[in-house]
Amino acid sequence: MIDLKYLLKNREEITKKLLTRNFDHSILDELFTLGNKRNELIHSLEILQAKRNNLSEEIGIKKRNKQDCSDLLGEVASINNQITLINAEASSIIEKVDSLRLQIPNIPYDDVPIGHDETSNVCLNEHSNLGRGLVKGVLAHYEIATKLDMIDFARATKLAKSRFVVYKNDGAALVRALENFMLDTHIKNGYKEIMPMHLVNSSMLYGTGQLPKFSQDLFKIENEDLWLIPTAEVPVTNFHYDEILNLEHPIKYVAYTKCFRSEAGSGGRDTRGIIRQHEFHKVELVKFVNEEASLEEWQKTVNDAKLILELLEIPYREILLSTGDMGFGSAKTIDLELWIPSEQRYRETSSISIYKDFQSMRAKIRYRTKDGKTKYAHTINGSGIAIDRVVAAILENYQNPDGSISIPKVLIPYMKKDLIK
């Protein structure tokens with residue numbers, strides 16, 4: 001959410017920046033109209049309240065002098081009625097303004113590439129020589145996984161529907177190994193582990209920005225104010241909902257969870273394999289920082305996510321997203337994309353975003369500055385990283401001519417073996 005005073009004072013600048021995000025400026029036009037009307041009502045209230053105070057003083061004087069003040073009392077009663085009506089109108093406007101503010105995306109940093117979609121994204125770095133390099137000529141992950149009895153797609157569809165998967169045998173062990181390896185690595189880098197629930201209430205989804213705009217992408221529990229989490233970002237960020245934090249040093253959390261998304265609008269994309277699932281595994285990084293440390297800590301978070309791919313020795317590249325391709329709440333995002341040999345292209349496995357105070361204003365997460373003032377915290381989050389796509393990448397990048405899969409060196413202690421066959 002963006003501060004209302006800032007919106008009203010910087011209309012031209014904000015409109016210009018949000019147009020680069022494919023945002024319907026008619027919402028802004030309505031908000032500015034209502035915001036200015038609200039300011040007019042507040043000004044009218046201040047005049048009426050001042051007039052009422054003056055009349056009250058006159059009434060007090062007349063009463064002390066035992067003079068008739070019925071005319072003044074009638075005037076005060078009339079003013080009170082006007083104040084009641086204006087307060088009701090102002091409350092209605094504030095409600096509408098707040099509803100509109102929830103629909104406005106974050107304002108991008110000035111150095112974010114301007115563009116309408118992913119075609120304007122910028123590749124910052126490509127790390128193509130990691131491991132075996134840009135592998136070619138291997139079986140797709142879903143084919144080799146079926147041959148090695150690691151994944152069961154047919155029974156997953158029977159148990160639920162398409163876009164679900166059952167991991168088994170070495171497949172289940174690989175997911176568990178990746179989970180523990182990622183958690184251990186991030187904990188060594190100063191993150192504290194949280195194991196949150198997989199269900200949250202609506203307020204939490206408003207807090208991180210999934211609601212009201214993206215309800216169609218979520219799974220809701222019938223007849224309950226509970227939703228399955230689309231990412232651990234939701235419960236971990238809202239862990240400090242409506243709190244005042246000490247942010248002399250960053251607060252850093254890491255969490256492993258299942259994640260659930262309806263994939264509304266994805267059509268027939270990625271229906272084979274484990275690239276796009278309704279239920280998937282992810283390790284998430286979340287930071288709360290003060291304004292001064294914000295950008296530096298965001299870059300450190302990018303490096304923490306990159307470390308996972310470097311230790312696994314999987315080729316990847318770093319993509320700075322354009323204004324039109326960033327997530328709704330993000331002010332700046334870098335995607336990490338790993339190499340999928342069967343597709344001969346890179347696929348996103350982590351988005352690391354800085355939100356400034358966009359989420360914390362919604363979730364009422366604050367901190368005290370050195371001079372004792374209260375400000376909204378800056379939040380940062382990113383995958384550290386998405387496990388299922390890493391599984392796909394390992395099955396393809398580490399595939400051997402005899403159909404076996406070599407285990408990345410850093411996973412051998414977790415898998416207790418160096419080969420899947």
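**Strand β15 and its partners**

Tutor: Glutamate 284 has serine 383, in β15, as its bridge partner. This is a predicted model, in which local features need pLDDT of at least 70 and side-chain atom pairs count only at pLDDT 80 or more, while totals for chains, interfaces and linings use all residues. Residues are numbered from 1 along each chain as its sequence is written, and side-chain values use heavy atoms, with hydrogens and water left out. Strands are DSSP runs (E, at least two residues), numbered from the N terminus, and two of them pair if DSSP finds at least two bridges between them.

Strand β9 (residues 279-289) runs antiparallel to β15 and is joined to it by seven bridges. Strand β12 (residues 345-354) is also antiparallel to β15, with three bridges; here serine 353 stands opposite asparagine 381. In strand β15 (residues 378-386), nine of the nine residues are buried, so the strand is largely enclosed by the rest of the structure. Buried means under 20% relative accessible area, exposed over 50%, and partly exposed in between (1.4 Å probe, protein chains only).

Serine 350 lies in β12 and counts as buried because its relative accessibility is 0%. Beyond its neighbours within four places in sequence, serine 350 is in contact (heavy atoms within 4.5 Å) with residues including Gly382, Ser383 and Ile385. An unreviewed UniProt entry lists Ser350 under "binding site", among other residues including Glu348, Thr349 and Ser351; UniProt positions follow the numbering used here, feature names are shortened, and annotations may be inferred rather than shown by experiment.

Notes
Helix = DSSP H or I, 4+ residues; strand = E, 2+ residues; numbered from the N terminus.
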